[in-house]
Amino acid sequence: MLDDPETVTLTRDVVAILIPAGTKVELPEGASALITQALGGSFTIQVQGHLFRIGGSDADALGKQVVRGPDVNENASDEELEKAVWAQLRTCYDPEIPIDIVELGLVYESRLEPVDPDNAGGPRKAVIRMTLTAPGCGMGDVLVNDVKTKVLQVPMVTEADVELTFDPPWSRDMMSEAAQLQVGMY
């Protein structure tokens, strides 16, 4: 959450995701919104008492700058590409929790593999296995889409296979120590 929430006026119509239901809602140009969280290029806003998530690609509707993908050398090694993928995963946030999904312990696996096994230096596919803090979370599809979108911004990554699993089920013990301290669970 922001220490000092900011009130903005929407500069254009924008499709937002209702929190926690995960349904899409079109918010009209001119609506007043309170930005309550701005992390990883995405925004949680409050409009008429309801919380919504605005993706980073629509930041301009809030008068904010659209965040660009990572700057990775076109001849990057697999190790450099994997670091860039993990960096992108750290820009994905649950709209209600101000901690990234890596620190929350939601990412069980992330690896890169060649799209074409006969062309090891060619395009890569990111294979990610992750979970949610609760199986019934309406924001699950939104988080999975956010992961795909951000990972596909990494140069040379042309495919993203994101598997949502609940085995093993998430528990607070999966959070990093820093994340537990941040939410007062340590």
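Q: Which residue in β3 does V15 stand opposite?
A: V15 stands opposite E26 in β3. The model is predicted: local features need pLDDT of at least 70 and side-chain atom pairs count only at pLDDT 80 or more, while totals for chains, interfaces and linings use all residues. Residues are numbered from 1 along each chain as its sequence is written, and side-chain values use heavy atoms, with hydrogens and water left out.

Q: Why are β1 and β3 said to stand at the edges?
A: The open sheet is formed by 6 strands in the order β1-β4-β5-β6-β2-β3, with antiparallel pairing. β1 (6–9) and β3 (24–27) each have a single partner strand, so one side of each is left without a neighbour in the sheet. On average, neighbouring strands of this sheet are turned by 45° against each other, direction ignored; the axes are lines fitted to C-alpha atoms, for helices over the stretch in contact, and angles run from 0 to 180 degrees between N-to-C directions.

Q: How many helices and strands does the protein chain have?
A: The protein chain has 3 helices and 9 strands. These are DSSP runs numbered from the N terminus: helices are H or I with at least four residues, strands E with at least two.

Q: Why is the protein chain called as compact as a globular protein of its length?
A: The radius of gyration is taken over C-alpha atoms, and the globule rule is 2.2 Å times the number of residues to the power 0.38. For 186 residues the rule gives 16 Å, and the protein chain has 17 Å, which is close to that value; therefore the chain is as compact as a globular protein of that length.

Q: What is the largest nonpolar core, and which element gives the largest share?
A: A nonpolar core is a set of buried Ala, Val, Leu, Ile, Met, Phe, Trp, Tyr and Cys residues joined through side-chain atoms within 4.5 Å. Buried means under 20% relative accessible area, exposed over 50%, partly exposed in between (1.4 Å probe, protein chains only). The largest core has 26 residues, and V147 is among those with the most contacts inside it. α1 supplies the largest share, 4 residues.

Q: Which residues is V147 in contact with, leaving aside its neighbours within four places in sequence?
A: V147 is in contact (heavy atoms within 4.5 Å) with L89, C92, I101, I128, M130 and V162.

Terms used: Pairing = 2+ DSSP bridges.
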